[in-house]
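Visitor: I have a model open and would like to walk through it with someone. Can we start with the backbone and then move on to the inside?

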Amino acid sequence: MRKSQAVYLNRYLDGLSIQQDQWIDQEIDKLELTVLSKAPKQSTTLASFSGWLKHLLGTSVPAEEEAIRLWNRWKSFFVDSNLDSVTRKRTLLERDKFRCRYCFTYDQSGKSLHEHHVFPKARGGGFTLENLAIACEKCNLGIGNQILFPPDWVVGIRKK
Ligand SMILES: [Zn+2]
């Protein structure tokens, strides 16, 4: 884990009593996204996003390179993509191999499968390929407004 990530996650985790040595990369990845989900929707420029980050971190401002990485990550989950809905669903079905990402139900037609927001819309989640997972109706409705990462969630942070 990079030092700048450790600094801002430390701040966030202070209130959660999580020991740094208990962290595993996947949990760090999820926590990073959870922190990013709190960025205001109007952070549409790097300057405004960096302003929010600076406010969150106080004096511990990450290097510009790290701020850019976080901003891009935030956009890829929390700002709607420009894909039209038909192209988006087709792309997701092909990526997720026509299976529910939670219970692995298969539907060759894709008609019974839904686009599930990993971060619900109510929690800032966007219509983006990164934030959407194919899910059957039962899983989609069952998960509702909780944040539940699919079991095969790919960690976006490299191993130490
Ligand atoms: Zn399912």
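Visitor: Where is Phe-104 placed?

Guide: In this predicted model, Phe-104 sits in the loop between helix 5 and strand 1, and its phi is near 70 degrees, a positive value in a residue other than glycine.

Visitor: Is Phe-104 buried, exposed or partly exposed?

Guide: Phe-104 counts as partly exposed, because 13 C-beta neighbours lie inside 10 Å, and a residue would need 20 or more to be called buried.

Visitor: What about Lys-97, where is that found?

Guide: Lys-97 is found in the loop between helix 5 (85-95) and strand 1 (113-117), and its phi, near 55 degrees, is again positive in a residue other than glycine. Lys-97 is exposed, since it has 10 other C-beta atoms within 10 Å and the limit for that class is 12 or fewer.

Visitor: Which residue just after helix 3 takes a positive phi?

Guide: That is Gly-58, with a phi of about 70 degrees.

Visitor: How far apart are the end C-alpha atoms of helix 3, and what span should I expect?

Guide: The end C-alpha atoms of helix 3 (residues 46-57) are 16 Å apart, which agrees with expectation, because 12 residues at 1.5 Å a residue should span 16 Å.

Visitor: Changing topic, how many helices and strands are there in the chain?

Guide: The protein chain has six helices and two strands, and along the sequence they follow the pattern α-α-α-α-α-β-β-α.

Visitor: What share of the residues is buried?

Guide: Of the 160 residues in the protein chain, 22% are buried.

Visitor: Which residues have the most contacts inside the largest nonpolar core?

Guide: That core has 22 residues, and those with the most contacts inside it are Leu-36, Trp-74, Phe-77, Phe-78, Cys-100, Ile-134 and Ala-135. At least two residues of this core come from each of helix 2 (25-36), helix 3, helix 4 (64-78) and strand 2 (132-136), while domain 1 (3-78) and domain 2 (85-143) each contribute at least three.

Visitor: Which residues does Cys-100 contact, leaving aside neighbours within four places in sequence?

Guide: With those neighbours set aside, Cys-100 is in contact with Thr-105, Leu-113, Ile-134, Ala-135, Cys-136 and Cys-139.

Visitor: And across the chain, what part of the contacts with a separation of 6 or more joins residues 24 or more positions apart?

Guide: Such pairs account for 64% of those contacts in the protein chain.

Conventions:
Residues are numbered from 1 along each chain as its sequence is written. This is a predicted model: local features need pLDDT of at least 70, side-chain atom pairs count only at pLDDT 80 or more; totals for chains, interfaces and linings use all residues. Helices (H or I, at least four residues) and strands (E, at least two) are DSSP runs, numbered from the N terminus. The expected span of a helix is 1.5 Å times one less than its number of residues. Two residues are in contact if their C-beta atoms, placed from the backbone, lie within 7 Å. A nonpolar core is a set of buried Ala, Val, Leu, Ile, Met, Phe, Trp, Tyr and Cys residues joined through C-beta atoms within 7 Å. Domain bounds come from an automatic or database domain assignment.
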